[in-house]
Amino acid sequence: MQREEFKVEKERMIEELGKLQRELKDLKIPVMIAFEGYGAAGKGYQISKLLEALDPRGFVVYPVKKETKDEEMHPFLWRFWTKMPQKGRIAIYDSSWYRRVLIDYFDGDVKESQLAEAFHSITVFEKELTDDGMHLIKIFLDIDQKEQKKRFTKLLASKNSAWRVTKDDLKRNEHFEKYQAMNEKMLAKTSSVNAPWYKIDAKKKKEATQEIYRVIIAELTKAIYLKKEKQTEEANQEVTGTKEASFIENRLGQVDLDKSYTKEEYKEKLKFLEKRIEDLHGELYRKRIPLVIGFEGWDAGGKGGAIKRLTKKMDPRGYQVHPTASPNEVERQYHYLWRFWRDVPKFGHVSIFDRTWYGRVLVERIEGFATENEWKRAYGEICEMEKDWVNQGYIVLKFWLQIDKEEQRRRFEARLNNPLKQWKITEEDWRNREKWEQYERAVNEMIVKTSLPDAPWIIVEGNDKYYARIKVLETVIAAIEKRLQKEK
């Protein structure tokens with residue numbers, strides 16, 4: 001293409017990209033664009049050329065380097081869940097989550113035994129995002145060893161650019177065939193229908209820019225088409241109501257709610273257990289073992305009381321309680337798991353969730369805030385999230401506080417008659433009570449489908465508050481002690 005033709009075509013594509021960006025915003029389509037490729041292949045240059053075509057109010061660029069101290073203290077995907085675009089915005093990554101299976105693996109920071117798990121986490125991550133409406137574009141800039149060496153030499157020749165070439169860059173060039181094989185394996189394993197790789201010959205920068213423009217224009221056009229098609233389907237879809245599972249084991253019906261302790265038994269046990277949890281909390285910090293505890297249960301089931309006794313002797317600098325309400329306006333702009341990934345504790349810390357990510361398969365399911373496809377898909381997404389945490393060293397415990405309908409009524413009435421507790425009872429609590437049977441079926445299905453060997457559901461017999469609080473403490477203590485035993 002002659003220079004004048006190139007200029008005209010570039011201006012046309014820039015105009016088209018600007019138009020597509022505005023349409024993405026109107027349709028609330030979030031987009032992630034990941035740039036990968038060999039060192040000196042021109043990721044920074046190509047990203048800057050792409051930005052020339054975009055409104056700066058609608059995008060953010062994330063350079064992905066070696067993990068910071070804070071990022072090292074979290075699961076590796078945490079920094080990407082927390083760097084995600086809102087609906088209608090674009091996030092561009094200069095290197096991405098693939099660093100873990102490329103540079104980190106090449107440098108020995110990721111072991112061979114960890115590689116399969118890392119690839120699995122990445123493919124699940126991308127599927128969860130694209131299933132939820134994220135449009136993911138992955139671009140790989142390709143150059144050969146000779147071209148890379150030439151570019152490194154040029155960069156090193158100037159004081160102004162020499163800093164851009166590291167010893168690790170030169171080492172990867174020296175062992176180019178080995179690193180190239182790792183990249184080719186990555187491309188083959190992670191190119192999917194909804195998140196394909198586009199391999200761009202980056203030897204000629206201007207031609208590469210044009211090809212990247214074409215790819216992104218095609219992908220954004222596709223994203224808009226798919227969103228409009230989905231909107232049309234949803235508008236024409238007949239509302240048939242929530243389908244119930246044909247048969248789900250009644251786990252809640254198997255619980256013995258007559259279990260109880262006297263006040264004296266409760267006080268004696270509580271004193272010992274509070275001291276034990278205080279000691280174990282210190283051990284978790286010293287061993288850098290993170291703990292996630294989720295509480296679900298019926299309204300007035302005793303979650304608050306159990307959490308209060310659990311944390312009473314914990315060092316407040318090492319734990320945080322997250323009360324989970326309905327998602328706010330900002331949270332609704334992201335994948336529903338986004339807000340929970342943000343609150344994953346650092347290694348050695350504890351996060352306690354008063355209501356959890358299971359709202360998607362409970363209240364959002366029953367009240368119609370999530371579509372049937374969304375809440376059915378959530379079982380697998382939630383299991384994968386919890387497995388990811390466990391695989392990276394987290395203890396994950398999930399409590400369901402079970403009471404019967406009559407006990408709930410007594411507690412509601414007691415709150416109404418107590419001026420200090422009236423704030424705890426709302427009209428919504430009474431409305432939810434009217435749907436007890438629906439919620440019961442949903443809870444049973446949740447427990448059956450998401451109780452994992454390393455992230456189990458613990459059903460707590462809650463009619464007697466003393467018994468429930470002691471069981472929660474004993475269960476948490478047993479889980480920590482089991483883990484500490486493994487660390488020896």
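Visitor: Which backbone oxygen does the side chain of Arg332 reach?

Guide: That would be the backbone oxygen of Pro327, at 2.5 Å. Keep in mind that this is a predicted model.

Visitor: Noted. What does the side chain of Arg332 do with Glu329?

Guide: The side chains of Arg332 and Glu329 make a polar contact at 3.0 Å.

Visitor: And where is Arg332 placed?

Guide: Arg332 is in the loop between strand 7, residues 319-323, and helix 13, residues 338-342.

Visitor: What does Arg332 touch, if I skip residues up to four places away in sequence?

Guide: With those set aside, Arg332 touches Lys87 and Pro327. There is also Gln86 to look at: Gln86 and Arg332 are 246 residues apart in sequence, yet their C-alpha atoms are 8.8 Å apart in space.

Visitor: Why does Arg332 count as partly exposed?

Guide: Because its relative accessibility is 43%, and partly exposed covers the range between under 20% for buried and over 50% for exposed.

Visitor: Which backbone oxygens lie by polar atoms of the Arg411 side chain?

Guide: One belongs to Ala300, whose backbone oxygen lies 2.8 Å from a polar atom of that side chain. Another belongs to Asn463, where the distance is 3.1 Å.

Visitor: What else is Arg411 in contact with?

Guide: Leaving out neighbours within four places in sequence, the contacts of Arg411 include Gly301, Gly302 and Ile403. Gly462, Asp464 and Lys465 are also among them.

Visitor: Okay, zooming out. How many helices and strands does the protein chain have?

Guide: There are 19 helices and ten strands. The C-alpha atoms fill a box of roughly 85 × 60 × 40 Å along the principal axes.

Visitor: What share of the residues is buried?

Guide: Buried residues are 50% of the 488 in the chain. As for contacts with a separation of 6 or more, 81% come from residues 24 or more positions apart.

Visitor: Can you give me an example from a strand? Where is Ile293 found?

Guide: Ile293 is in strand 6, and at 0% relative accessibility it counts as buried.

Visitor: What does Ile293 touch?

Guide: Not counting residues up to four places away, Ile293 touches Leu310, Ser351, Ile352, Phe353, Leu397, Phe399 and Val476. Take Leu397: that residue is 104 residues from Ile293 in sequence, with 4.8 Å between the C-alpha atoms.

Visitor: Switching to helix pairs. At what angle do helix 7 and helix 8 pack?

Guide: The angle is about 155°, with the axes 10 Å apart. That makes the two helices roughly antiparallel, since the label applies to angles over 145 degrees. Their crossing is left-handed.

Visitor: Which residues meet there?

Guide: From helix 7, Gln145, Gln148, Lys149, Phe152 and Leu156 meet Asp169, Leu170, Asn173 and Glu174 of helix 8. By type, the contact has three nonpolar, three polar and three charged residues.

Visitor: What about helix 17 and helix 18, how do they pack?

Guide: Their angle is about 75° and their axes are 5 Å apart, which means the two are roughly perpendicular. Asn432, Arg433 and Glu434 of helix 17 meet Trp436, Glu437 and Tyr439 of helix 18. Two of the residues in this contact are nonpolar, one is polar and three are charged.

Key: Residues are numbered from 1 along each chain as its sequence is written. This is a predicted model: local features need pLDDT of at least 70, side-chain atom pairs count only at pLDDT 80 or more; totals for chains, interfaces and linings use all residues. Side-chain values use heavy atoms; hydrogens and water are left out. Helices (H or I, at least four residues) and strands (E, at least two) are DSSP runs, numbered from the N terminus. Buried means under 20% relative accessible area, exposed over 50%, partly exposed in between (1.4 Å probe, protein chains only). Contact means heavy atoms within 4.5 Å. A polar contact is a pair of N or O atoms within 3.5 Å; within protein, one must be able to donate a hydrogen and the other to accept it, and residues adjacent in sequence count only if both atoms are side-chain atoms. Axes are lines fitted to C-alpha atoms, for helices over the stretch in contact, and angles run from 0 to 180 degrees between N-to-C directions. Angles under 35 degrees count as roughly parallel, over 145 as roughly antiparallel, 65 to 115 as roughly perpendicular and the rest as oblique. A crossing is left-handed if the near helix is turned anticlockwise from the far one by less than a right angle, and right-handed if clockwise. Ala, Val, Leu, Ile, Met, Phe, Trp, Tyr, Cys and Pro count as nonpolar, Asp, Glu, Lys and Arg as charged, and the others, Gly among them, as polar.
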